[in-house]
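Please work through the following exercises with the sequence and the structure side by side, and try each task before you read its solution.

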Amino acid sequence: MSTDTLTKSRWVYSFGGGSADGDASMKNLLGGKGANLAEMSSLGLPVPPGFTITTEACVHYYSNEKQYPAELKDQVLTGLATVEKLTGKTFGDPANPLLVSVRSGARASMPGMMDTVLNLGLNDETVAGLAKLSGDRRFAFDSYRR
């Protein structure tokens, strides 16, 4: 697949707030977790808002000398803005930090092979905001430590 073929592709699909860009039928594109989160959100289940980067972005990366698709960054920023709007929090805001969990997912389940990054967005400044918002300094620093 050439870079030209993928220059106008959609790489990010949002979900949350009772709607989703995708659904369970899109497992090959969104991975198992992404497709199921989209489906659950569309059904009105209380799924925290988020977005999925397509499996095709990974294919593009390895097919194009480990270069991300040109549109990916802007699409991720748009997805993040949607999450911020739905949660009323801002990524990197010391007073009201948005914390993000990053989970990898494949088209086919690979138990034990994937890592999860929790609490992306915590740093020396935002952890103080989380402590204040939660009223629990220990919780905030335990989250930061993980």
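**Exercise 1: Charged pairs in a helix**

Arg-138 and Asp-142 form a salt bridge whose closest N and O atoms are 3.7 Å apart, where a salt bridge is a side-chain nitrogen of Lys or Arg within 4 Å of a carboxyl oxygen of Asp or Glu. The model is a predicted one, in which local features need pLDDT of at least 70 and side-chain atom pairs count only at pLDDT 80 or more, while totals for chains, interfaces and linings use all residues. Residues are numbered from 1 along each chain as its sequence is written, and side-chain values use heavy atoms, with hydrogens and water left out.

Solution. Begin with Arg-138 and Asp-142, which both lie in helix α5 (residues 137–145), four residues apart, about one turn of the helix; helices (H or I, at least four residues) and strands (E, at least two) are DSSP runs, numbered from the N terminus. Next, the side chains of Arg-145 and Asp-142 also meet in a salt bridge, at 3.5 Å from N to O.

**Exercise 2: A pair between segments**

Task: explain what parts the salt bridge between Arg-10 and Asp-21 ties together.

Solution. The closest N and O atoms of Arg-10 and Asp-21 are 2.5 Å apart. Arg-10 lies in the segment before β1 (12–16) and Asp-21 in the loop between β2 (19–20) and α1, so the pair ties together parts that are eleven residues apart in sequence.
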